[in-house]
Amino acid sequence: MPTRVAKVLWVLALLGGSAVGTGSLSAAGAPKAYVGLFKDDAVAVVDTAENKVLRTIAVPKGPHGLVATPDGRKVYVSSDGASTVSVIDTATDRVVASIDVGANPHGLAVSGDGSRVLVLGWGSNRALIVDTATDRVVGEVPVSQPHNGTLSRDGRTAWVASQQQGATALVRLDLTAWKEAARVPLDKTPRGLELSPDGRRVFFTLAGVNAIEVLDTATAQIVAQIPVGASPHYAPFTPDGRWALAVVQGPGELTLLDTSSNTAAGAVTVGKTPHWAVSSSDGRTAYVTNEGSNDVSVVDLATRAVIATIPVGNAPRKIAMQPGAGTAAAAPPSAAVAAPIGKSMAISLGGVTYADHGVKDVRNVSRLELEADDYYFEPTFLRGKPGQRLRLRVENEASTLHNLSIPALGVDKDIPPKGKVELDVTFPASGTLAFSCKFHAPLGMNGQLRTGEVGAR
Ligand SMILES: [Cu+2]
């Protein structure tokens with residue numbers, strides 16, 4: 001391994017400015033990491049030598065997907081509150097182009113050869129391909145509510161998570177013939193997915209399943225489930241495909257998966273509600289965004305320890321990195337800093353965590369607006385009369401897919417991003433009835449319908 005690293009460094013030195021671009025790396029010559037700050041409408045540029053933010057770049061509302069080309073020269077950012085993908089030139093760290101892709105684009109993926117970027121058009125129900133040489137859309141395929149996706153090395157095949165309720169699936173797209181080529185129906189909603197470097201497996205997550213699903217791409221069958229902690233979100237691979245880095249939101253962990261045995265090999269505690277991860281190109285360091293604690297954890301994969309925690313801004317979600325060695329070996333160990341979980345107050349009742357956004361007395365109303373957001377219901381606790389009927393108008397303020405499930409009433413309704421649903425609920429004769437978002441219950445997105453005299457909480 002040291003030989004290989006030395007060789008790469010030697011080649012980089014030999015090529016000098018020509019391959020990577022002299023203005024491209026940080027002043028210290030380290031690769032830069034780019035972090036989408038969902039609540040700041042900006043991208044933070046992190047110097048991985050100094051482990052600090054160099055600058056932030058404004059982008060249109062709701063930076064959602066974010067990828068870097070393998071040569072590290074360009075970064076693509078989709079904005080789900082707009083209809084554009086912004087192109088950042090990493091030599092200047094400025095937005096140099098804006099590509100119109102239709103309403104509410106979600107995830108992005110880049111092909112291993114850097115020729116194509118996949119854009120998942122949640123709002124326009126299609127997957128689009130951008131040619132990175134021209135930054136123009138060169139083709140599209142219809143897909144219902146595509147959320148995230150992953151591209152083959154040559155960019156001619158994509159796997160996409162289609163989140164349409166009642167028809168959730170992983171869909172394989174042929175991006176030469178521009179059509180759907182295969183479909184894996186799922187009984188739960190797919191979230192993050194990633195194709196292994198050899199193209200033989202897709203590791204993906206399902207809302208409500210505490211495992212990483214392993215799909216064999218040749219047979220389109222799920223061949224393994226690797227149990228992890230609550231609410232895994234995404235599990236990308238190290239460049240050699242030897243390990244997968246499972247981001248587990250509930251406990252705030254990065255779980256290392258051994259891809260030769262499909263088992264969990266160990267876990268590292270990171271920040272609150274981790275969202276995404278990326279490996280350095282030498283496979284030695286992982287960078288994990290922590291949406292709930294507004295920072296990035298730098299994890300040395302050999303020692304399985306957090307060696308730095310970098311405050312980056314509000315609600316960091318996606319992260320991508322330029323090629324080059326990470327700084328794990330050189331950086332001195334530093335303790336992970338615990339950060340507050342934002343304005344939400346978490347309380348625990350009967351083993352269930354509630355992101356507490358208040359109690360509402362609804363005994364004398366027949367309708368109520370219930371807000372769903374990342375990741376709570378407001379109000380959280382509704383106090384009603386025995387057997388009372390209440391019409392709920394549930395509004396999703398976020399650009400994340402949420403859901404309202406009340407198992408005791410047979411309710412299971414997805415609430416689309418920025419969308420609303422109406423439904424009737426009935427309070428119990430006595431006691432409490434639990435409701436939750438089936439996607440985010442482990443993050444505290446739970447509530448209760450309560451009957452009778454109940455205390456403050
Ligand atoms: Cu939710």
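Residues are numbered from 1 along each chain as its sequence is written. In this predicted model, local features need pLDDT of at least 70 and side-chain atom pairs count only at pLDDT 80 or more, while totals for chains, interfaces and linings use all residues, and side-chain values use heavy atoms, with hydrogens and water left out.

**Copper site**

The copper ion has H402 (ND1), C437 (SG) and H440 (ND1) as its protein donors, at 1.9 to 2.2 Å. Donors are N, O and S atoms within 2.8 Å of the metal (3.2 Å for Na, K and Ca); water is not among the atoms, so sites may look incomplete. Along the chain the donor spacing reads H-x34-C-x2-H.

| Donor | Relative accessible area | Class |

**Sheet and loop**

Strands here are DSSP runs (E, at least two residues), numbered from the N terminus. An open antiparallel sheet is formed by four strands in the order β4-β5-β6-β7. The edges are β4 (63-68) and β7, each with a single partner strand, so one side of each has no neighbour in the sheet. From one strand to the next the twist averages 20°, with axes fitted as lines to C-alpha atoms and angles running from 0 to 180 degrees between N-to-C directions. Strand β5 (residues 74-79) pairs with β6 in the antiparallel sense over six bridges; two strands pair if DSSP finds at least two bridges between them. V77 has S86 in β6 as its bridge partner.

T92 sits in the loop between β6 (84-89) and β7 (94-100). T92 is partly exposed, at 41% relative accessibility. Its C-alpha atom is 9.9 Å from that of R73, a residue 19 places away along the chain.

**Nonpolar cores**

A nonpolar core is a set of buried Ala, Val, Leu, Ile, Met, Phe, Trp, Tyr and Cys residues joined through side-chain atoms within 4.5 Å. The largest has 28 residues, of which F377, L382, L390, L392, V394, L404 and L423 touch the most other members. At least two residues of this core come from each of β32 (367-373), β35 (389-396), β36 (402-406), β37 (411-415), β38 (420-426) and β39 (431-436). Beyond its neighbours within four places in sequence, L423 contacts L390, R391, L392, V394, L404, V411 and K413, contact meaning heavy atoms within 4.5 Å. Another core, of 17 residues, lies apart from the largest one and includes V46, W276, V296 and M321.

Technical notes. Buried means under 20% relative accessible area, exposed over 50%, partly exposed in between (1.4 Å probe, protein chains only).
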